[in-house]
Amino acid sequence: MKIIKSQIRLVCKKLDTTLIKSKYLSKGNHNANYLLDTSNGKYILRIENNLQFKNLKKEYDFLKQAKPNLGPKVFLFDNSHKIIQRDYLIEEFIEGRHPPKKPNNDFVISIAKWLKKLHTITKKSSKKYLLTSMVKPYYNNYLKYQSHIKEYKVKQKLESYLKEVLRICEENNTLFAHRKYLSLLHNDLSNENVFYKKDYIRLIDWEFTSYGLPERELVYFIDSYDLTTKQITRFLKTYGYANTILAKKQLNISYLILLCSSIGYSLWRMDLVKDKKSIKEINRRLLKDVNKLKDLLKDYERL
């Protein structure tokens with residue numbers, strides 16, 4: 001969503017500061033972000049960009065009560081639509097660099113330690129985690145949007161793999177049912193959401209934060225950064241994840257479900273986008289996930 005300088009000046013007035021200059025930073029699937037340079041320092045203006053996902057208030061509420069240095073400080077949330085016709089928040093501007101896309105060992109160790117601390121923030125579970133209920137929504141996405149897969153062989157393989165994942169989940173349905181406490185998760189550890197320097201981690205974009213199984217966050221990191229086998233071992237050891245058959249099974253099945261989630265999301269996106277460039281990129285991601293799913297199913301057989 002585009003805004004004009006007069007709107008930004010009015011936002012700054014609510015902060016009791018004066019605008020010096022502003023800069024458009026980025027636009028994601030859910031929010032647009034602007035850098036505001038003011039007489040009181042720099043701020044980030046985040047504007048809701050997708051009315052299907054109204055997560056901005058949730059993000060503001062979380063950051064308002066979060067522990068120091070967990071995420072950016074927040075200063076204002078406005079859903080009155082008097083200045084900007086969408087919900088928006090103002091948060092601290094964090095200076096720093098994002099981690100390398102091909103992570104080095106120092107970063108792998110630092111994020112493992114950081115996640116371990118994050119996941120010690122827990123709350124008592126009010127429900128049993130059944131694997132079938134976790135994976136079926138993604139399988140239903142496949143059934144709903146499978147017509148977007150144009151290559152018959154890919155569709156045939158994917159259907160076979162997804163049915164195998166369903167079978168595995170049914171066989172191990174109560175694998176996590178004993179968990180009495182759930183961990184705080186960020187749920188989007190992508191490169192652009194992490195600021196890093198040695199032994200220092202700060203995360204932004206907490207709109208998807210929730211309490212859940214820490215395994216999901218661990219496999220998300222492993223998958224997103226394409227860690228080598230040695231890095232995976234170092235990451236899990238530093239985190240303190242158990243090296244048992246049961247723990248390996250929990251991690252493997254969590255990874256299977258994550259890939260089903262990613263595949264379901266890709267198919268849903270195909271139903272929304274129209275331009276050939278976007279469809280090509282989604283197809284590339286889909287094929288990559290299908291191949292990962294095949295390899296991971298082989299790994300499960302070896303457990």
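Predicted model: local features only at pLDDT ≥ 70, side-chain atom pairs only at ≥ 80, totals over all residues.
**Exercise 1: a hairpin**

Work out how strands S1 and S2 pair, and which residue in S2 is the bridge partner of Leu19.

*Solution.* 
- Step 1: Find the two strands. S1 covers residues 19-27, and S2 covers residues 31-38.
- Step 2: Look at the stretch joining them. There are 3 residues between S1 and S2, and the two strands form a hairpin.
- Step 3: Check the direction. The pairing is antiparallel and runs over 7 bridges.
- Step 4: Pick out Leu19. Its bridge partner in S2 is Thr38.

**Exercise 2: two salt bridges side by side**

The model has 15 salt bridges. Take Glu48 with Lys54 and Glu171 with Arg167, and decide for each residue whether it is buried, partly exposed or exposed.

*Solution.* 
- Step 1: Side chains of opposite charge can pair when their charged atoms come close.
- Step 2: Read the N to O distances. For Glu48 and Lys54 you get 3.0 Å, and for Glu171 and Arg167 you get 2.4 Å.
- Step 3: Grab the cut-offs you need: buried is under 20% relative accessible area, exposed is over 50%, and partly exposed lies in between.
- Step 4: Sort the first pair. Glu48 has 2%, so it's buried; Lys54 has 48%, so it's partly exposed.
- Step 5: Sort the second pair. Glu171 has 54%, so it's exposed; Arg167 has 32%, so it's partly exposed.
- Step 6: Glu171 and Arg167 both sit in helix H5 (residues 152-171), and because they are 4 residues apart, about one helical turn separates them.

**Exercise 3: a link across the chain**

Find out which parts of the chain the salt bridge between Lys292 and Asp226 connects.

*Solution.* 
- Step 1: Start with the pair. The closest N and O atoms of Lys292 and Asp226 are 3.7 Å apart.
- Step 2: Locate both ends. Lys292 is in helix H9 (residues 276-302), while Asp226 is in the loop between helix H6 (214-224) and helix H7 (229-239).
- Step 3: Check Asp226 for accessibility. At 46%, Asp226 is partly exposed.

**Exercise 4: a residue tucked into a helix**

Describe the surroundings of Leu115.

*Solution.* 
- Step 1: Leu115 belongs to helix H3 (residues 105-119).
- Step 2: Check its accessibility. At 0% relative accessible area, Leu115 is buried.
- Step 3: List contacts beyond four places in sequence. Among them are Leu189, Phe235 and Tyr239.

Definitions and conventions: Residues numbered from 1 in each chain as written. Heavy atoms only, no water. Pairing = 2+ DSSP bridges. Salt bridge = Lys/Arg side-chain N within 4 Å of Asp/Glu carboxyl O. Buried < 20%, exposed > 50% of the residue type's maximum accessible area, 1.4 Å probe, protein only. Contact = heavy atoms within 4.5 Å.
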